Amino acid sequence: MEEVASRDISWDEIDKFKYYVYGPSLSLLVRFCLYPLSVVKTRLQMQKDPYTIAATAPTINHYSGTLDAFHKIVRNEGVRGLFKGFGVSTIGIVSGQIYITTYEYVRHHLMHMNERNGFISPKRMNVVRNAVAGGCASLVSQTIVVPIDIVSQKQMMNFGVGDSNGSLIHVGKEILRQDGVKGFYKGFGASLCVYAPSSAIWWGSYGYLRERFQSHFMPTSHAAKRLTEATAGASAGLVAAVATNPIDVARTRLQVEGHPRDGSNLRTTLRHLWYQEGPRSLLKGVQARIMASVPSSIMIVTVYELVKRLSRRTDKHYPHRTNL
């Protein structure tokens, strides 16, 4: 029973055509549902004490918290204000597929490497390969994600309604004019410091907790198995969000405000936040980040496991298909 409950679908068992059709489609839906929280998180992280956001920000946009930010964005900018930068961010779906492909590929080969050489026990290897594969996947995908993040964050910080200055073309031209091509990779090192550990922590925690929950509760029904996966995903999202929030605050500041020519880097930005705005500044946006991370982790796990089940090969080599 435990073996069935913890059954994992390997990369070899997946029909790649189905995988790359179902994956992007469901990823777009998840991104659409969670994007408003990303806008709110970015606005809160860019807000400086005492109650100033940026030199160009009007006083009506001072936010006292997550719910206040939601209310004021909708009131002053309309519902569309919660989706600023969404268009360019959808390009990230491509990087998402590169990410998950890298994750599955590294994870698959690490498993076979351990089977041949017997470095560590299979149970421990599951945690290790998930964490290593997650870190590697993030490293590869960030080369695409960082430029997209920079443009979309600039658009998020545009407080006007229907302002052409927030258009993709205008933002792109301004970045090139001010900083050149390097401007699209501001905070690249910081992004790696945030997302590579976050990805490793998330996947490692998810695999470990999923196995532990399944071993403890031994779910037999379809609903119980899905609930176990969702709980493991939510727990992993909470751990990863809190652990990497300080670096995420610094990354956001670097990408929106920093200039490659002024010597700004992750270390100096963290030091500035600590001494100029206090230790609490490192937790800015953590509530919004948790609010985004926990449900997004549940949705990611649900979509990830669903896509793998939908994409499982049904040819003569893998005739057995699990129930959805």
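**Exercise 1. Which helices are included in what covers the buried residues of helix 10?**

Solution. The model is a predicted one, in which local features need pLDDT of at least 70 and side-chain atom pairs count only at pLDDT 80 or more, while totals for chains, interfaces and linings use all residues. Residues are numbered from 1 along each chain as its sequence is written, and side-chain values use heavy atoms, with hydrogens and water left out.

Step 1: locate the helix. Helices are DSSP runs of H or I with at least four residues, strands are runs of E with at least two, and both are numbered from the N terminus. Helix 10 covers residues 266-277, and its twelve residues reach 16 Å from the first C-alpha to the last, close to the 16 Å expected at 1.5 Å a residue; the expected span is 1.5 Å times one less than the number of residues.

Step 2: sort its residues by accessibility. Buried means under 20% relative accessible area, exposed means over 50%, and partly exposed lies in between, with a 1.4 Å probe and protein chains only. Leu266, Thr269, Leu273 and Glu277 of helix 10 are buried. Viewed down the axis of helix 10, the buried residues fall within an arc of 70°, so they line one face of the helix; the arc is that of the directions from the helix axis to the C-beta atoms. Arg267 and Tyr275, on the other side of helix 10, are exposed.

Step 3: find the cover. Helix 8 (188-217) and helix 9 (222-256) are included in what covers the buried residues of helix 10, where contact means heavy atoms within 4.5 Å. After helix 10 comes Gly278, which has a positive phi near 90°.

**Exercise 2. Describe the largest nonpolar core and the surroundings of Trp202.**

Solution. A nonpolar core is a set of buried Ala, Val, Leu, Ile, Met, Phe, Trp, Tyr and Cys residues joined through side-chain atoms within 4.5 Å.

Step 1: name the central members. The largest nonpolar core has 26 residues, of which Tyr19, Ile100, Tyr103, Trp202, Trp203, Tyr206 and Tyr304 touch the most other members. Two or more residues of this core come from each of helix 2 (16-46), helix 5 (92-117), helix 6 (122-156), helix 8, helix 9 and helix 11 (286-310).

Step 2: look around Trp202. Once neighbours within four places in sequence are left aside, Trp202 is in contact with Gly233, Ala236, Gly237, Ala240, Ser297, Ile300 and Val301. A second, separate core of 13 residues includes Leu37, Leu44, Ala69 and Ile73.

**Exercise 3. Are Lys41 and Arg107 buried or exposed, and what does each touch?**

Solution. Step 1: take Lys41, whose place is in helix 2. Its relative accessibility is 13%, and Lys41 therefore counts as buried. Not counting residues up to four places away in sequence, Lys41 touches Asp248, Arg251, Gly285, Ala288 and Arg289. The side chains of Lys41 and Asp248 are joined by a polar contact of 3.3 Å, the term denoting a pair of N or O atoms within 3.5 Å, of which, within protein, one must be able to donate a hydrogen and the other to accept it, and residues adjacent in sequence count only if both atoms are side-chain atoms.

Step 1: take Arg107, found in helix 5. Arg107 is buried, with a relative accessible area of 8%, and, again not counting residues up to four places away in sequence, touches Asp8, Arg129, Asn130, Ala133, Tyr304 and Lys308.

**Exercise 4. What is the phi of Met218, and where does Met218 lie?**

Solution. Step 1: Met218 has a positive phi of about 45°, although it is not a glycine. Most residues other than glycine have a negative phi.

Step 1: Met218 lies in the loop between helix 8 and helix 9, and with a relative accessible area of 35% Met218 is partly exposed.

**Exercise 5. What is the mean pLDDT of the protein chain, and where does pLDDT stay under 50?**

Solution. Step 1: pLDDT is the predictor's confidence in each residue, from 0 to 100. The chain has a mean pLDDT of 81, and 85% of its residues reach 70 or more.
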